[in-house]
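Colleague: Hi! Could we go through the packing and the aromatic side chains in this one?

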Amino acid sequence: MTSDRRPNLFLYLLVVLLLAAFALRLFRLDYQSLWWDEGISLHLATSGWVEIVRDRLDNIHPPLYFFLLKGWLALVGVSPFTGRYLSALASLMQVALVFTAVRHWSGKSRQAALPWIAATLMLLSPLLVIYGQEIRVYAMLPLIYIAALLLAGRMVAAGEMDTRPLVYLAVIEWIGLHLHYIAAFAVAYIASWGLLTLLQRRDWAGTRRWIVAHTAVAIACLPWLVGVAINWASVRAEAGA
């Protein structure tokens, strides 16, 4: 009887944790007035696709977040609440993903306390709550980092460079690089760590597949990088301003 109830208790506690995280991020979501960068986000999200690309080529940040926000607002309407709601959802997913990642890294025993501690810290983090209530990209970036680390860690630990997970990893890295340039640090770390680990194991086949996957990411980023290079003077002026 006890063993049958444990899975249900596990799920109930997880649901309660996620509902608490969601409630905290939705609390007074539209209370604060829009600040400058949020206004820019809403303005771009209500602009045309070509206008978004042109604006971002002359700016510091890549365009993918504004594409996602534009699609989201087309579904739910344009307002401070709906714009921030997308970030609240991303912030909620952070809690679930951290729970999953830490549970994997610490062992899959449902009695392990570490995933619960990690998820609770994510739930209560003032910084994550703040970014989860802004019409900005920052709530999405931890999802990219954690997902890429979890997926890369699983592949390298298992010593299996199968095509499908490599493609997933490449797509996640590409998304991160087109959400915000700071994701380049995470991508560089994962690529270097995986390469060194595979070389130390003398896993030559895995090393080749790893290099091919990350070369594909670099090639897929070339169209945007070329556009930025062409508009480099405008980018430098914006950065200086």
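Modeller: Happy to. One definition to start with: buried means under 20% relative accessible area, exposed over 50%, and partly exposed in between, with a 1.4 Å probe and protein chains only. This is a predicted model, where local features need pLDDT of at least 70, side-chain atom pairs count only at pLDDT 80 or more, and totals for chains, interfaces and linings use all residues. Residues are numbered from 1 along each chain as its sequence is written, and side-chain values use heavy atoms, leaving out hydrogens and water.

Colleague: Thanks. How exposed is Trp 49?

Modeller: Trp 49 is partly exposed, at a relative accessible area of 49%.

Colleague: And which ring does Trp 49 pair with?

Modeller: With Phe 67: the ring centres are 5.3 Å apart and the planes sit at 55 degrees, so this pair is tilted. Rings of Phe, Tyr and Trp (its six-membered ring) pair if their centres lie within 6.5 Å; planes under 30 degrees apart are stacked, over 60 edge-to-face, and the rest tilted. Phe 67 is partly exposed too, with 22% relative accessibility.

Colleague: Which helices does that pair link?

Modeller: Trp 49 is in helix 3 (residues 49–57) and Phe 67 in helix 4, so the pair ties together parts 18 residues apart in sequence. Helices here are DSSP runs (H or I, at least four residues), numbered from the N terminus.

Colleague: What sits over the ring of Trp 49?

Modeller: The charged end of Lys 70, 5.4 Å from the ring centre. The rule asks for NZ of Lys or CZ of Arg within 6 Å of the ring centre and within 35 degrees of the ring normal. Arg 28 likewise lies over the face of Tyr 31, 3.7 Å from the ring centre.

Colleague: Which residues make up the aromatic cluster?

Modeller: Phe 22, Trp 72, Phe 81 and Tyr 85. Phe 81 and Tyr 85 are both in helix 5, four residues apart, about one turn of the helix.

Colleague: Switching topic: how many residues are in the largest nonpolar core?

Modeller: It has 33 residues, and those with the most contacts inside it include Tyr 65, Leu 179 and Trp 210. Such a core is a set of buried Ala, Val, Leu, Ile, Met, Phe, Trp, Tyr and Cys residues joined through side-chain atoms within 4.5 Å.

Colleague: Which helix gives the most to this core?

Modeller: Helix 8, with eight residues. There is also a second, separate core of 19 residues, which includes Leu 92, Phe 99, Trp 116 and Met 122.

Definitions and conventions: Helix = DSSP H or I, 4+ residues; strand = E, 2+ residues; numbered from the N terminus.
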